[in-house]
Amino acid sequence: MKNGSNRCQNILVIHGPNLNLLGIREPSVYGTVTLEEINGNLAKLAEKEGISLDCFQSNAEGELIDRIQQAGAEKIDFIIINPAAYTHTSIALRDALAATRIPFIEIHLSNIFARESFRQKSFFSDMAVGVISGLGAKGYELAFNYVLGRN
Ligand code: DQA
């Protein structure tokens, strides 16, 4: 729920499949920062700003969909999502975001547009407020700061 100044108060960060392996998974592509470090950094920023933040990771498409549906009931103001491989395959995840109508930023650690052709298609980008791709773990912080400054 937004407060009197209309600032986003409740932010949900969703991490898709295999992102639990960050730090050890193809570090030349995804970097060496772990998911725990990404979430910990965001938690610190949220605490400093008095924002409620929840971070959720799952390897299962249905669990990600359930979490997005739940976000609608929880009055989440904004979602930052890295759908990982589901970016390129999941109409169901797209539909869940469309159903909740919660604004979101799509984020990727790697630059998906500079990789294999099958990664260059996203089922999310046209619905996203914006897309951050290729800035590594820093991208999450940039997305979070954008949301804070948004009315
Ligand atoms: C990713 C890019 C996807 O193509 C890939 O399947 C991932 C991670 C990224 O953050 O760069 O798992 O979303």
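Me: What is the basis of the numbers?
Reply: This is a predicted model, where local features need pLDDT of at least 70 and side-chain atom pairs count only at pLDDT 80 or more, while totals for chains, interfaces and linings use all residues. Residues are numbered from 1 along each chain as its sequence is written, and side-chain values use heavy atoms, with hydrogens and water left out.

Me: Why is Ser-90 called buried?
Reply: Buried means under 20% relative accessible area, exposed over 50%, partly exposed in between (1.4 Å probe, protein chains only). Ser-90 has 1% relative accessibility, so it counts as buried. Ser-90 sits in the loop between β3 and α4. Helices (H or I, at least four residues) and strands (E, at least two) are DSSP runs, numbered from the N terminus.

Me: What is Ser-90 in contact with, leaving aside its neighbours within four places in sequence?
Reply: Glu-61, Phe-123 and Phe-124. Contact means heavy atoms within 4.5 Å.

Me: Which residues of α3 are buried?
Reply: Leu-64, Ile-65, Arg-67, Ile-68 and Ala-71. They cover an arc of only 160° around the axis, which puts them on the same side of α3. The arc is that of the directions from the helix axis to the C-beta atoms. On the other side, Gln-69 and Ala-73 are exposed. The cover over the buried residues includes β1 (10-15), β2 (52-57), β3 (78-82) and α4 (91-100).

Me: Which residues does the UniProt annotation "active site" cover?
Reply: The unreviewed UniProt entry gives Tyr-30 and His-108. They are spread over 79 residues of sequence, yet cluster in space, with a largest C-alpha distance of 9.0 Å. Such annotations may be inferred rather than shown by experiment.

Me: What makes a polar contact for the side chain of His-108?
Reply: The side chain of Glu-106, at 2.6 Å. A polar contact is a pair of N or O atoms within 3.5 Å; within protein, one must be able to donate a hydrogen and the other to accept it, and residues adjacent in sequence count only if both atoms are side-chain atoms.
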